[in-house]
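Trainee: I would like to go through the labels used for this model and ask what each one rests on.

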Amino acid sequence: MTDRALADRGARIVAQTIFDRPLLLEAGAGTGKTTTLVARALSWCIGPGWEEAALRLEGAEPHKIAADVLQGVVAITFTEAAAAEMAARIAESLASVVDGREGDIRGLEPETLEALGSATRRRRAEMLLETFDHLTVSTIHSFCFSLLTDHP
């Protein structure tokens with residue numbers, strides 16, 4: 001692997017596993033920004049996001065935890081088509097985890113989910129899929145409109 005490819009892979013792993021600071025993705029068209037963001041959302045929801053929600057909602061049913069995790073994620077794009085694609089890809093990735101096919105998830109680095117056992121990953125992904133309507137994926141315009149509508 002070239003130095004450039006190693007640096008790129010390292011940046012993708014950071015983007016998929018580090019959540020304690022802001023992330024900026026800057027890249028040209030077709031370089032994998034959406035793929036990285038989908039993997040990041042998946043990693044957050046199944047891993048640290050779930051853990052934080054479970055602590056906050058101690059003793060809550062898994063569906064409530066899953067809904068809380070998804071309500072804490074906002075994925076914003078510029079076009080309706082891109083928003084629909086991102087939502088579909090997140091759902092497809094969760095379904096791949098449920099089916100035990102994490103290796104089929106485009107752009108997901110193997111290190112991203114390996115800290116959790118496969119049974120835990122599958123159970124969480126299943127609950128997340130069942131409460132998927134709590135996830136916000138929208139355009140910047142739609143998101144801002146909803147903020148202004150909710151908080152005039």
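Mentor: Start with a pair inside one helix: Arg-89 and Glu-85 are four residues apart in helix H5, which separates them by about one helical turn. Keep in mind that the model is predicted.

Trainee: What makes Arg-89 and Glu-85 a salt bridge?

Mentor: The closest N and O atoms of Arg-89 and Glu-85 are 2.8 Å apart. The cut-off is within 4 Å, between a side-chain nitrogen of Lys or Arg and a carboxyl oxygen of Asp or Glu, so the pair counts as a salt bridge.

Trainee: Why is Arg-89 called buried?

Mentor: Arg-89 has a relative accessible area of 14%, and buried means under 20%. Glu-85, at 41% relative accessibility, counts as partly exposed.

Trainee: How many salt bridges does the structure hold?

Mentor: The structure holds six salt bridges. One of them joins the side chains of Arg-124 and Glu-51, at 2.6 Å from N to O.

Trainee: What does the pair of Arg-124 and Glu-51 tie together?

Mentor: Arg-124 lies in helix H6 and Glu-51 in helix H3, so the pair links parts that are 73 residues apart in sequence. Arg-124 has a relative accessible area of 11% and is therefore buried, whereas Glu-51 is partly exposed at 37%.

Trainee: Why is Arg-56 called exposed?

Mentor: Exposed means over 50% relative accessible area, and Arg-56 is at 53%. Arg-56 forms a salt bridge with Asp-68, with 2.2 Å between the closest N and O atoms. Arg-56 lies in helix H3 and Asp-68 in helix H4, so this pair ties together parts 12 residues apart in sequence. Asp-68, at 21%, counts as partly exposed, because buried requires a value under 20%.

Trainee: How do you know that the buried residues of H3 line one face of the helix?

Mentor: The buried residues of H3 are Gly-49, Trp-50 and Ala-53. Seen down the axis of H3, they fall within an arc of 95°, so they line one face. Their cover includes helices H2, H4 and H6.

Trainee: What puts the buried residues of H6 on the same side?

Mentor: The buried residues of H6 are Arg-121, Arg-124, Ala-125, Met-127 and Leu-128. They cover an arc of only 160° around the axis, which places them on the same side of H6. H2, H3, H4 and H5 are among what covers them.

Trainee: How far does H6 reach from its first C-alpha to its last?

Mentor: H6 has 13 residues and reaches 18 Å, close to the 18 Å expected at 1.5 Å a residue.

How values were computed
Residues numbered from 1 in each chain as written. Predicted model: local features only at pLDDT ≥ 70, side-chain atom pairs only at ≥ 80, totals over all residues. Heavy atoms only, no water. Buried < 20%, exposed > 50% of the residue type's maximum accessible area, 1.4 Å probe, protein only. Helix = DSSP H or I, 4+ residues; strand = E, 2+ residues; numbered from the N terminus. Arc of directions from axis to C-beta. Contact = heavy atoms within 4.5 Å. Expected span 1.5 Å × (residues − 1).
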